[in-house]
Amino acid sequence: MDGRRAALIAAAALPAAFVALFFAYPLAAILERGLTEDGGFELPWDVLGAHSTLELLWFTTWQAAASTLATLAFGLPLAWVVSRFSFPGRSLVRALVLVPFVLPTVVVATAFLAVLPAGSERGLLPILAAHVFFNTAVVVRIVSSYWSRLDPRLWHAAASLGAGPARRLREVTLPVLAPPLTAAAALTFLFCFTSFGVILILGGPGRATLETEIYNQAARAFDLRAAAALSLLQLAAVALVLVVSAATERRLGGAVPLAPEQDALRRPRGAERVAVAGVLGVSALLLGLPLAALVDRSLDGPRGYGLGFYRALGDETASLLVPPWHAVLNSVLFACAATAVALAVGGLAAAAIATRGAPWLDALVMLPLGASAVMLGFGFVIAFDDPPLDLRGSAWLVPVVQALVAAPFVVRIVAPSLRSIDEALREAAAVLGASPARVWREVDLPLVLRAVGVAAGFAFAISLGEFGATVFVARADWPTVPVAIFSFLGRPGAVNAGQAAALSVVLMALTTVVVLAADRVTVRRGSL
Amino acid sequence: MTISYKAVVVALAVAVGLAAAGCGGGDEGAPEEVVLVTHDSFAISKPVQRAFEDETGLRLRILKTGDAGVALNRALLTAGDPEGDVFFGVDNNLLSRALGEDLFDSYSSSELDQVDPRYVLDEEHRVTPIDHGEVCLNVDKGWFRSRGLAPPETLEQLALPRYRDLLVVENPATSTPGLAFMLATIARFGDGWQDYWRRLRENGVLVVDGWEDAYTVRFSGSSGKGPRPIVVSYASSPPAEVIFAGKPLDEAPTAVVESTCFRQVELAGVLRGAANEDGARQLIDFMLSPAFQQDVPTSMFVFPVREGVELPPAFERWAVVPDAPLELPPEEIGENRERWIREWTDVVLR
């Protein structure tokens, strides 16, 4: 087993080095700058202990917890429908849930305002609704990538032993699904915990989370010390969540019987048809209405309905240094590069984590989800200013920061799948003389390919839609689509708003097509 | 431009396969460049950029580093070891912060004698005025017309019951126009400004985080068709609505309430430690030249500081350049800004 052990250490080294260099180092640089006073480095106990900080932490935590519960409540029925049943348009539904994920928050918030009843457009309820809208994809796709491959004989056996539907849910489904559920819940919680645009726009100025307050201190008041203190607090809170969820996932995880996806799916029967139709209908309403409003806006030109705003994407504009369609090309290229990096970093980390535990690596790779984008951006500026790391103004930083945000998803999606593989399979292969590499290629890879496909889809979508960190490193002559959308939204006039909507729809279409393709390839190849 | 674009596209496509993070490509053999560090709202027309490059033989690289606040703070973080040669985008409301941190080297452009002296805010010429834009209330003319109601003409009137729940403003803690509007009320009411905001609050003022949200979402006169017909925006917003309507309009759909305007001057400076100091000075000269000054209305919706520059027709017709906008000295703003924002927050949001 020594060869395998060395391989695992090597596998852990690359992700660790990547995250240390591009995340820990710049973040440490800016935190040190913020917290170093005349007398040297000092922990900011006065900020951390202030009543207002505790209030921030409290609101941040409970809105994230409430949003996570709401997302699970909304997403699990949909996950059930796409995991257990075959129906026309099933793959499209699975791809479409990912669309909200890539849209810039300001675009979504605008679309939400268009469909929310007047008077209820601000406050806690819209925050929850928007978080559900964004994160349903996390629950549906992560849980269903696992659920849809569970051997249906599990339930058949339980049923033949006399267990009713409720008991089967409680004693078979939930325990078996616990690892992906934990992963999805943890990711949703972290996303809501560090939510920014949703809180600002839909929460209103009276509501602040740690993330919005860090931005406020760093970007407006330029109180770097307060911003650094709050960043430390946010990182600590996120680290705690990560440790707890990783431990839970590990404790609950284990080998489960898997089957090819097409064997696990069946057509809905009797009352199930009503349930399936109901779940799909309600989901279409919440997820589809804001998107439909966007499509409508992109077509509704000053001279009537048409493709005018789309055609205008080819023209030069003063808002950007390049014609807007360049942004589409840039986004695709950056997202491809970022996806490749995220799969390499996250995949290797997942392999090490699934086999060795490696809790420190797990936490390190996940931690970028808990960092404030503005602080990381400032950190880049002061950390990468000297050769050999003079990266300021380098276009390479765009896929790098996008991969930092995407890699945690790869880890959380791939690791539970790797753990679900029966160790006996690997041992059997090894006994039959397969090298560790061959065991990986012929046992692990086919069984986790589905998860890798889901992870790739997420990584691509996240990279495509990433704004908070990208805007700090994007070059003006290399804008991405979200950056271009913001340029248009920052200017008055119907044409600018229309082009922003058109670019948003292009983002939606791109996501759908790429995710459909990724799903198709991995479902076919992965089910052998 | 197209060649280097394609080259990098190819390079990136290769990188996709390699999936490795490397270092930025070298620019050997390229013409000497001058780097303009600025905020996201900066814009320049292509022909004007080319004119600069042809005239000076320098390549102009534009580095947008965030919104106005982020861009300035990022420049302050790298003071002395800057990301570029010129910084553009500090305004009179944040000027004290930039000057206090020793961000700029002095440079007195020979073009300054063409500039109205009231825009020159620093006698040491560490910063040079480039444009001015007024933050003013905008009203949706159609909304008021259809209800037979006269739009407000003064700040005082906003507190009247007939304008209840009609106003949307930006948070001064998070938004540049929001800050300017708060300063307008301080310039207008002096010590009574907090009472004024109490009355606005009672009259249902809506506070949002940023201009995008206020103008494109909540305001009824923009494409977002929101519910509120009075918004804090710019003196140039009505002509922008005409230019970017996508069809010819006989009339601007919105109007400026002239008595509410607060002046903002945007300034540029040579960054201390600039790699290309000479290029930086040439760029500042160019930004004051007629070519650039004529371009700022349509590219950035602001007004030239150079005298005798002709405005585009839509601006002549629909923009308002108030003769005597509300103003406060930059030093007074610098000394009190943070305290005022805290007091405003206590009065309006708590």
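Trainee: Which residue in β8(B) does B:Val168 stand opposite?

Mentor: This is a predicted model, and in it B:Val168 stands opposite B:Val231 of β8(B). That pairing belongs to a parallel arrangement in which β6(B) and strand β8 (residues 230-234) of chain B are joined by two bridges.

Trainee: With which other strand does β6(B) pair, and in which sense?

Mentor: Strand β7 (residues 206-208) of chain B pairs with β6(B) in the parallel sense, over three bridges, and within β7(B) the residue B:Val207 is the bridge partner of B:Val169.

Trainee: How should I read the two faces of strand β6 of chain B?

Mentor: The general idea is that side chains in a regular strand alternate between the two faces of the sheet. In strand β6 (residues 167-170) of chain B, B:Leu167 and B:Val169 lie on one side, B:Val168 and B:Glu170 lie on the other, and all of them are buried, so that both faces are covered.

Trainee: Is B:Val139 buried or exposed?

Mentor: B:Val139, which has its place in strand β5 (residues 128-140) of chain B, counts as buried because 25 other C-beta atoms lie within 10 Å, the cut-off for a buried residue being 20 or more. Leaving aside neighbours within four places in sequence, the residues in contact with B:Val139 include B:Phe144, B:Pro229, B:Ile230 and B:Val257. B:Pro151 is another of these contacts; B:Val139 and B:Pro151 are twelve residues apart in sequence, with a C-alpha to C-alpha distance of 6.9 Å.

Trainee: Which residues touch the most other members of the largest nonpolar core?

Mentor: The general idea is that nonpolar side chains in soluble globular proteins tend to be buried together. In this model the largest nonpolar core has 297 residues, and those touching the most other members are A:Val143, A:Ala406, A:Val410, A:Ala455, A:Ala459 and B:Val86. The element that gives the most to this core is helix α16 (residues 324-356) of chain A, with 19 residues. Beyond four places in sequence, A:Ala455 is in contact with A:Leu343, A:Gly346, A:Phe409, A:Val410, A:Ile413 and A:Val414.

Trainee: How many residues of each chain are in contact across the interface?

Mentor: There are 56 residues of chain B in contact with 54 residues of chain A. On the chain B side, the elements that give two or more residues include α1 (2-18), β2 (59-64) and α11 (290-300), and by class this side has 25 nonpolar, 18 polar and 13 charged residues.

Trainee: How do the radius of gyration and the secondary structure of each chain read?

Mentor: Chain A has 24 helices and four strands. Its radius of gyration is 23 Å, close to the 24 Å given by the globule rule for 528 residues, so chain A is as compact as a globular protein of that length. Of the residues of chain A, 57% count as buried, while for chain B the figure is 51%.

Trainee: Where in chain B does pLDDT stay under 50?

Mentor: In chain B, pLDDT stays under 50 over residues 11-28, for which the model has 22 contacts beyond four places in sequence. Chain A averages 86, with its lowest confidence in helix α13 (residues 261-264), at a mean of 69, and its highest in helix α3 (residues 51-84), at 94. For the model, ipTM is 0.79 and pTM is 0.85.

Note on methods: Residues are numbered from 1 along each chain as its sequence is written. Chains are lettered from A and ligands numbered from 1 in the order in which they are written. This is a predicted model: local features need pLDDT of at least 70, side-chain atom pairs count only at pLDDT 80 or more; totals for chains, interfaces and linings use all residues. pLDDT is the predictor's confidence in each residue, from 0 to 100. Two residues are in contact if their C-beta atoms, placed from the backbone, lie within 7 Å. Ala, Val, Leu, Ile, Met, Phe, Trp, Tyr, Cys and Pro count as nonpolar, Asp, Glu, Lys and Arg as charged, and the others, Gly among them, as polar. The radius of gyration is taken over C-alpha atoms; the globule rule is 2.2 Å times the number of residues to the power 0.38. A residue is buried if 20 or more other C-beta atoms lie within 10 Å of its own, exposed if 12 or fewer, and partly exposed in between; C-beta atoms are placed from the backbone. A nonpolar core is a set of buried Ala, Val, Leu, Ile, Met, Phe, Trp, Tyr and Cys residues joined through C-beta atoms within 7 Å. Two strands pair if DSSP finds at least two bridges between them.
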